[in-house]
Amino acid sequence: MMPGLGTVVNVAAILAGGCLGILLKKGISERFKNIIFQAMGAAILMIGLSGAMSGILKLNDKGGLETQYVLIMILSLVLGGVIGEALRLDRLFDRAGEGMRRLFSKNGKGNGNDVGSGFANCTILYCAGAMAIVGAVQDGLMSDPTMLIAKGMIDGITSVLFATVYGVGVPLSAVSVGLYQGLITLLAVFIKPWLTETVVIQMSLVGSIVLMLLAFNLWDMKKFNVANLIPAAFMPLFFSLIQKLWS
């Protein structure tokens, strides 16, 4: 299969789910929205937790479990977070959301504030997790869109819910997802020799931890600045390149 198919399916699922959610916008009561948010938060937490556990745990010679890549995980999260904070990625999302708010408020197409918030929040949600990164890498390296298709199903369901609240901002976030995952897939094709299985596992581990934070945001328990942590998932690749150049 041609690389990039997974991203195409993912984008189509977000668009379809977002459009369906817009049609249902006035038909879902607040209490049903709350329980769906809770359920999706639980699902995202478990997806992130399972990805993190599968990356950080391994079987030893005695058949027991031991940890691996702990130092890489810590360095990636800290340095990636510092880079994201220095670049103020959160402000990029804020500016994009503000642009959407102004555009749709000016054109009179619904609540501009909801549109901007939906665009920014859903872009972070769909791009921050391990499935977006590792799935795009697999699509580029092995032309295997399986993970991105599975992600598309999850994103499609989630976009139905978010569109009932945010409206047009949700399907608009599909543009960001297409650009983000498409660039990762293209990058994977060109840097294939350096994307070893170990590096991909490490990227998945860090990305899964970042994904877990989104669950707490959905539950309103604690607001994490997930946008500024997105670079953390790419730090294992950076460390691997530095190591190869050094050696």
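A contact here means heavy atoms within 4.5 Å.

The model is predicted, so local features need pLDDT of at least 70 and side-chain atom pairs count only at pLDDT 80 or more, while totals for chains, interfaces and linings use all residues. Residues are numbered from 1 along each chain as its sequence is written, and side-chain values use heavy atoms, with hydrogens and water left out.

**Stop 1: the whole chain**

Switch to a cartoon view. You'll find ten helices and two strands, in the order α-α-β-β-α-α-α-α-α-α-α-α along the sequence. (Helices are DSSP runs of H or I with at least four residues, strands are runs of E with at least two, and both are numbered from the N terminus.) The radius of gyration is 18 Å, close to the 18 Å that the globule rule gives for 247 residues, so the chain is as compact as a globular protein of that length. That radius is taken over C-alpha atoms, and the rule is 2.2 Å times the number of residues to the power 0.38. Along the principal axes, the C-alpha atoms fill a box of roughly 60 × 40 × 35 Å.

**Stop 2: the core**

Buried residues make up 48% of the 247. Buried means under 20% relative accessible area, exposed means over 50%, and partly exposed is in between (1.4 Å probe, protein chains only). Now select Tyr126, Phe162, Leu195 and Leu214: these have the most contacts inside the largest nonpolar core, which has 52 residues. Helix 9 (197-219) is among the helices that each supply at least two residues of this core, and helix 9 gives the most, with twelve. Such a core is a set of buried Ala, Val, Leu, Ile, Met, Phe, Trp, Tyr and Cys residues joined through side-chain atoms within 4.5 Å.

Zoom in on Leu214. Leaving out residues up to four places away in sequence, Leu214 touches Ile44, Ile124, Leu125, Ala128 and Val226.

**Stop 3: the largest pocket**

Select Asn121, Tyr166, Asn217, Leu218 and Lys223, which lie nearest the centre of the largest pocket among its 29 lining residues. About 700 Å³ of space lies in this pocket. On a 1 Å grid over the protein atoms alone, a pocket is an open set of points with protein on both sides within 12 Å along at least five of seven lines, a cavity is a set where a 1.4 Å probe fits but cannot get out, and lining residues have an atom within 4 Å of a point. Points are joined across faces, edges and corners, and a volume is the space filled by probe spheres set on them.

Helix 5 (112-128) gives the most to this lining, with six residues. The lining divides into 14 nonpolar, eight polar and seven charged residues.

**Stop 4**

**Stop 5: a cavity**

Finish with Val137, Ile184, Met203 and Phe234, which are among the residues lining the second largest cavity. The volume of this cavity is about 50 Å³. Its lining has nine nonpolar residues, no polar and no charged.

Notes:
Nonpolar A, V, L, I, M, F, W, Y, C, P; charged D, E, K, R; others polar.
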